Amino acid sequence: MTKILIIDDDTSLCELLGDYLSSHGFELDTAHTGPDGLAKAIDGAPDLVLLDVMLPGLDGFGVLKGIRQKSQVPVLMLTARGDEVDRVLGLELGADDYVAKPFSHRELVARIQAILRRLAPVNQAVGALDLQPERLEARYHGQLLDLTAAEFRVLAVLFERCGEVVSKEDICQHAFGRHLQPFDRHIDIHVSHIRKKMTEVDPAQVIRTLRGVGYQLITEQA
């Protein structure tokens, strides 16, 4: 059974989410403070974390930083509606996706299922890049890239269509199961992180940007 950790100081919301997610076959754990949530995210080995931004003791961004120092577990941020700063900062720190409060329970389940469904693309290797989806690992020139789950999925979409120009809308749909919203920069942020981690291994630029169109992964065999 898939285990989800909810880190939110709103106990009533946690109870409602717990009942709803349990009815969809998920196992639930909760934490109501930042430090407690961070400890459970590291030691409890959840399959996915729902993380609120506003938390006592340590805010959601601090919790996310702590999680990313130890784990690449998928993290879905719960942000205030319309607060673009929180969304962008969460993605910059390694969040996989976000959903704005107030949200429908159906939308939340759809986002969770999309993240989990896309954790295991087909095993592939081309040129210097090797994807190992069973461990959410990518190796470049034999060196392990420290990718988040979201970054891995974005790279996997580009890899599956290696040599093609892939629009940000297509990347968003295939990696996260949703349409790209206006002014949404999370695909750009993930690609920027992937590029940085790849150039630390080899400075050659293998992800090409076509402004206003999308991205293209180029390898020796493309």
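User: How many bridges join E11 to strand E12, and which way do the two run?

Analyst: Start with the rule: two strands pair if DSSP finds at least two bridges between them. Strands (E, at least two residues) and helices (H or I, at least four) are DSSP runs, numbered from the N terminus. Here, four bridges join E11 to strand E12 (residues 214–217), and the two run antiparallel. Ile-207 stands opposite Leu-217 in E12. This is a predicted model, where local features need pLDDT of at least 70 and side-chain atom pairs count only at pLDDT 80 or more, while totals for chains, interfaces and linings use all residues. Residues are numbered from 1 along each chain as its sequence is written, and side-chain values use heavy atoms, with hydrogens and water left out.

User: What order do the strands of the open sheet have?

Analyst: The order is E10-E12-E11, three strands with antiparallel pairing. Strand E10 (165–167) and strand E11 (207–210) stand at the edges. Each has a single partner strand, so one side of each is left without a neighbour in the sheet. On average, neighbouring strands of this sheet are turned by 30° against each other, direction ignored.

User: Which strands does helix H6 touch as it packs on the sheet?

Analyst: Contact means heavy atoms within 4.5 Å. Helix H6 (residues 149–160) touches E10, E11 and E12. The direction of H6 makes about 70° with that of E12. H7 also packs on the sheet, touching E10 and E12. The direction of H7 makes about 75° with that of E10.

User: How do I read two packed helices? At what angle do H7 and H8 pack?

Analyst: Two packed helices are described by the angle between their axes and the distance between the axes. Axes are lines fitted to C-alpha atoms, for helices over the stretch in contact, and angles run from 0 to 180 degrees between N-to-C directions. Helix H7 (residues 168–176) and helix H8 (residues 186–199) pack at about 80°, with axes 10 Å apart. H7 and H8 are therefore roughly perpendicular (65 to 115 degrees). Lys-168, Ile-171, Cys-172 and Phe-176 of H7 make the contact with His-186, Ile-187, Asp-188 and His-190 of H8.

User: Where do the axes of H1 and H5 lie, and at what angle do these helices pack?

Analyst: Helix H1 (residues 11–23) and helix H5 (residues 105–117) pack at about 60°, with their axes 11 Å apart. That makes H1 oblique to H5. Oblique is what remains once angles under 35 degrees (roughly parallel), over 145 (roughly antiparallel) and 65 to 115 are set aside. Leu-16, Leu-17, Tyr-20 and Leu-21 in H1 meet His-105, Arg-106, Leu-108, Val-109 and Ile-112 in H5.

User: Is Thr-79 buried or exposed?

Analyst: Buried means under 20% relative accessible area, exposed over 50%, and partly exposed in between (1.4 Å probe, protein chains only). Thr-79 is buried, at 2%. Thr-79 is found in strand E4. Five bridges join strand E4 (residues 75–80) to E5, and these strands run parallel. The bridge partner of Thr-79 in E5 is Ala-100. Leaving aside neighbours within four places in sequence, the contacts of Thr-79 include Val-53, Asp-86 and Arg-87.

User: Why is strand E5 largely enclosed by the rest of the structure?

Analyst: Four of the five residues of strand E5 (residues 97–101) are buried, so E5 is largely enclosed. Compare Lys-65, in helix H3 (residues 60–70). Lys-65 is partly exposed, with a relative accessible area of 47%. The C-alpha atoms of Lys-65 and Leu-93 are separated by 6.4 Å, yet these residues are 28 apart along the chain.
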